[in-house]
Amino acid sequence: MAHEIGFIGLGNMGTPMVRRLIAAGHRLIVTDVRPETARALEAEGARAVGSAKEVADAAETVMVSLPFPKVVEEVAAAVAEGSRVRRFVDLSTTGSITSQRVAAMLATKGIVHLDSPVSGGIAGAVNGTLAVMVSGPRADYDLIQDALGQIGKLFFIGEKTGIAQTMKLANNLLSATALAATSEAVVMGVKAGIDPAVMIDVINTGSGRNSASQDKFPRSILPRTFDFGFATGLLYKDLKLCMEEAEALGTQMWVGMAVKQMYQLCNNLHGAGSDFTEIVKVPEAWAGVEVGPVPKKG
Ligand code: NAD
């Protein structure tokens with residue numbers, strides 16, 4: 001069934017998700033602090049408005065895809081002032097601690113909170129193949145299942161607020177670790193004189209294969225385009241949230257702490273807006289080599 005859906009945050013992930021919802025026949029009311037992103041979607045059938053409150057005046061379901069927990073809290077406060085909104089669906093990676101705070105604030109206004117963080121990158125958002133992890137009241141999940149199903153494969157993690165965020169942080173810890181460790185391994189091989197493209201082929205045929213060797217290295221690191229579409233600052237945020245989550249739960253993160261520090265260094269050296277695939281530049285700088293296309297001899 002077609003619904004009116006509000007959508008706030010039209011970045012790398014939000015824009016392709018909105019496009020899929022429009023294509024499925026939903027009526028989208030959108031906004032972003034960068035109004036040009038909303039205007040671009042107007043041409044594709046969305047209605048652009050000037051604020052989060054206006055979105056919440058127009059739609060019962062408001063989805064957000066925002067960069068940082070603090071922004072989610074600010075936008076949720078504005079959404080809570082809307083006259084029509086009944087449920088707030090957070091597609092961002094926010095962490096369970098912020099989710100619980102936001103859910104409690106929204107509950108004072110009778111608004112239901114659902115966590116719905118996603119994994120699978122821009123390609124997953126464009127193709128509707130994201131892993132969509134949902135937590136919150138089951139009845140509200142059932143009402144929006146059709147719409148969420150347009151953006152990916154649904155996993156209902158549980159009714160407990162924030163539990164889907166914990167799932168997402170566990171996933172991103174693994175993704176970040178695979179990329180950091182593959183970067184160290186390939187830099188070592190390059191320093192020894194092995195062609196990095198050959199290394200990636202061997203790793204992908206052997207037991208070392210992972211999401212970085214299969215996707216990030218061939219697509220954005222070997223050609224040195226560093227355009228995978230996920231900012232270092234956002235992944236560093238996820239790793240910080242993951243460490244906070246582990247500490248709050250009383251679990252250990254020895255490897256995770258080292259991985260977080262490596263992304264912190266990348267964030268400081270190359271900027272929060274750099275692509276997360278630029279993590280390879282950290283071990284490269286230490287080793288004095290570059291991972292990239294090997295010039296043909298002769
Ligand atoms: P992005 O920075 O490309 O997009 C965020 C958007 O939010 C931007 O368009 C920005 O202008 C907008 N925004 C910021 N503050 C706002 C406000 N106060 N009101 C309205 N709009 C505001 O980020 P992204 O890569 O699309 O990621 C969004 C979320 O999804 C993040 O939490 C990220 O961790 C998560 N995520 C990203 C990826 C990825 O591969 N890029 C994958 C999975 C999850």
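Me: Where does Ala77 lie?

Reply: Ala77 lies in helix 4. Helices (H or I, at least four residues) and strands (E, at least two) are DSSP runs, numbered from the N terminus. This is a predicted model, in which local features need pLDDT of at least 70, side-chain atom pairs count only at pLDDT 80 or more, and totals for chains, interfaces and linings use all residues. Residues are numbered from 1 along each chain as its sequence is written, and side-chain values use heavy atoms, with hydrogens and water left out.

Me: Is Ala77 buried, partly exposed or exposed, and why?

Reply: Start with the cut-offs. Buried means under 20% relative accessible area, exposed over 50%, partly exposed in between (1.4 Å probe, protein chains only). Ala77 has a relative accessible area of 36%, so it is partly exposed. In sequence, Ala77 and Leu106 are 29 residues apart; in space, their C-alpha atoms are 7.8 Å apart.

Me: Which residues of helix 4 are buried?

Reply: Here is the general idea. An α-helix has 3.6 residues a turn, so residues three or four places apart point the same way. In helix 4 (residues 69–79), the buried residues are Pro69, Val72, Val75, Ala76 and Val79. They share one side of helix 4, because their arc around the axis is only 125 degrees. That arc is taken from the directions from the helix axis to the C-beta atoms.

Me: What covers the buried residues of helix 4?

Reply: Look for contacts, meaning heavy atoms within 4.5 Å. The cover includes strand 1 (4–8), strand 4 (61–64) and strand 5 (87–90). Helix 3 (52–58), helix 5 (96–107) and helix 11 (232–249) are also part of it.

Me: Which loop holds Arg224, and what is its phi?

Reply: Arg224 sits in the loop between helix 10 (211–221) and helix 11. Its phi is near 55 degrees, a positive value in a residue other than glycine. Arg224 is partly exposed because its relative accessibility is 22%.

Me: What is the phi of Phe226?

Reply: Phe226 has a phi near 45 degrees, again positive in a residue other than glycine. Phe226 also lies in the loop between helix 10 and helix 11. At a relative accessible area of 13%, Phe226 is buried.

Me: How many helices and strands does the chain have?

Reply: The chain has 13 helices and nine strands. Of its 298 residues, 50% are buried. Among contacts with a separation of 6 or more, 64% join residues 24 or more positions apart. Along the principal axes, the C-alpha atoms fill a box of roughly 70 × 45 × 30 Å.
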